[in-house]
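Student: Hi, could you walk me through this one? I'd like to go piece by piece.
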Amino acid sequence: MKNENYEISVLLVEDDLDILEQMEFFLKRITKNIYSAKNGLEGLDLFSANNIDLIITDVDMPKMNGIKMIEEIREKDSTVPIILVTGLKNLEVLTKAIDLNVSKFLQKPMNLRDLHNKIEEVSKVKKLERELELNNILLEQYKHVVDESEIVSKTDKDGIITYVNEPFCEISGFKEEELIGFSHNIVKHPDTPREVFADIWKTIKSDKKSWKGIIKNKKKDGGYYWVRATITPILDNAGNIIEFIAVRTDITEEIKIQEYFEDELNITNKQFESALNLSKEYERAINESNILSRTDTNGIITHVNDKFLQVSGYSKEELIGVKHSIVKHPDTPIEVFQDLWDTITKGKTWNGVIKNKNKHKHSYWVNITIVPIKDENGNIIEYMSIRHDLTEIFKLHKEIEDTQKEIVYKMGEIGETRSKETGNHVKRVAEYSRILAIEYGLNNDEVGLIFTASPMHDIGKVGIADNILKKPGKLTSEEWEIMKTHSEIGYNILRNSKRPVLKAAAIISYEHHEKWDGSGYPRGLKEEEIHIYGRITAIADVFDALGSNRYYKKAWKDEDIFKFMEEQKGKHFDPKLIDIFFNNIDKFKKIRDQFQDE
């Protein structure tokens, strides 16, 4: 049986056809490829045309003898192993063969065990050479992965920069020639305490250990950037420091987000303050978020590190041999993965943010860089993925959104409770508005805006006097004119805000009492002159108001409400939105039942 260790190519040169046939029969059992020649000239041609690992040759042959062929081969390749098989005992031939670096001499008749042992020896050497070559190729590819996804520099033992990669130059703004030969003081930021650098040098130079931490650096133009750095001393066999290698990850955006949350969104609310406190914790999560995996060319996972196991919740046995779809979240559009595969299968690096799910169905977010690893021929042999966990940032963002939404509801309830309407009214209006916005075809951002802003449609009622707002009977014409001003009051309260949600709420407050036929207030707008937010909220507000008990009226029956809504199609309401309303009436009823007044 063929031994996989003997997967080598052999050139057999022998003019005796019987011996040649016997040798071929023997070699076919233990080698990969056999190339046979009947003289040195044929052997030389076969050697030139093929990748030969071992030559077995006779000496005395026609056209070109074995010694002459070896001389020609040695001019091209000085290392290929050669076994010389001869029946001659010619000292001159043997001396010449030794000069030509012949590996072994076999006497005819040949000892096949000796030949077998020599082939085994050559096979092991070739296997080691190939493994070394592959390791060197993979090492270069892994270095390329780091260069693609990280900021790398090297310094000599005195801290003078000897190497920087392109990402270092890009983020710092310096050219390579402006960095080589200088210390890292060139990017040192004055905000970074001196004690940090003292700790770095003690760790990497005195203790000869790796230092890890977060540093603020200065750009050439005076700007700044933040990095998470790992600085490692490189030692010789005697334990002496040769140089230092620093690998950094750009975390400037994460730090800016943290600063934005702390400085720009300072809303006085206990729940929101709690969310801000979480921002102080996300840095710890980021420090532990380097997540690594490798897959084959079909996307099958071949390696994961401990960070991957921690964030995904799976064991190594559950991940190796399966695809990354095991952590794929249904919220991530299929187009993202199509773009990802289109990019990496072309040999290019892909970067983006992806939402995943762990073993327990919980969501997590990662910033991912995927780099194709190639062999010496440029063929992709695997993919390496480097991820950074962004989950805490997304959770904090969600916390902020939820807090803003709660504040908006509270503001909306202010107007409603003054007129003795329940807080559930604004919740129902928000839910109705979302249905209409989705079915109308608004994008996700606008759907989110109208859902969050619509509860403030009557915020202007805070400016209406109680004797009018809470009057149990019918208002006089003068009182009604005052009541109608709540639309403009709400608009004026909100219109100067820079927040998209409050801007949308200003529009809704101003226009939700306008009518499709132009008979509404405060400006008598008609049809599509009325903003879509106003047209949607108008239907949501009227539908809920008609079906709710108020101190000046009883709730209408459903058949009366639906009849009125149909009659007002093209008069009070946008005809298209009324069609959407009736096509989704079961959803509206479900929401009404869910948020009933107490």
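Student: In which order do the five strands of the open sheet come?
Tutor: The order is β7-β6-β10-β9-β8, and the pairing is antiparallel. Two strands pair if DSSP finds at least two bridges between them. Strands (E, at least two residues) and helices (H or I, at least four) are DSSP runs, numbered from the N terminus. A word on the source: this is a predicted model, where local features need pLDDT of at least 70 and side-chain atom pairs count only at pLDDT 80 or more, while totals for chains, interfaces and linings use all residues. Residues are numbered from 1 along each chain as its sequence is written, and side-chain values use heavy atoms, leaving out hydrogens and water.

Student: Which are the edge strands?
Tutor: Those are β7 (161–164) and β8 (211–218), each pairing on one side only. On average, neighbouring strands here are turned by 30 degrees against each other, direction ignored.

Student: How many bridges link β8 and β9?
Tutor: Eight, in the antiparallel sense, with β9 covering residues 224–235. K218 has Y224 in β9 as its bridge partner.

Student: And which helix lies across β8, β9 and β10?
Tutor: That's α8 (residues 194–206), running at about 140 degrees to β8. Axes are lines fitted to C-alpha atoms, for helices over the stretch in contact, and angles run from 0 to 180 degrees between N-to-C directions. Contact means heavy atoms within 4.5 Å.

Student: Switching topic: at what angle do α19 and α20 pack?
Tutor: About 165 degrees, with the axes of α19 (residues 486–494) and α20 (residues 500–511) 7 Å apart. The two helices are therefore roughly antiparallel to each other, a label for angles over 145 degrees.

Student: Which residues meet there?
Tutor: From α19, H486, S487, E488, G490, Y491 and L494 meet L502, A505, A506, S509 and Y510 of α20. By class, this contact has six nonpolar, four polar and one charged residues. Ala, Val, Leu, Ile, Met, Phe, Trp, Tyr, Cys and Pro count as nonpolar, Asp, Glu, Lys and Arg as charged, and the others, Gly among them, as polar.

Student: What about β13, mostly covered or mostly open?
Tutor: Mostly covered: six of the eight residues in β13 (350–357) are buried, meaning under 20% relative accessible area with a 1.4 Å probe, protein chains only. β13 pairs with β14 (residues 363–374) in the antiparallel sense over eight bridges, and I354 stands opposite V366 in β14.

Student: Which residue in that hairpin takes a positive phi?
Tutor: K361, near 70 degrees, in a hairpin with five residues between the strands.

Terms used
Parallel < 35°, antiparallel > 145°, perpendicular 65-115°, else oblique. Buried < 20%, exposed > 50% of the residue type's maximum accessible area, 1.4 Å probe, protein only.
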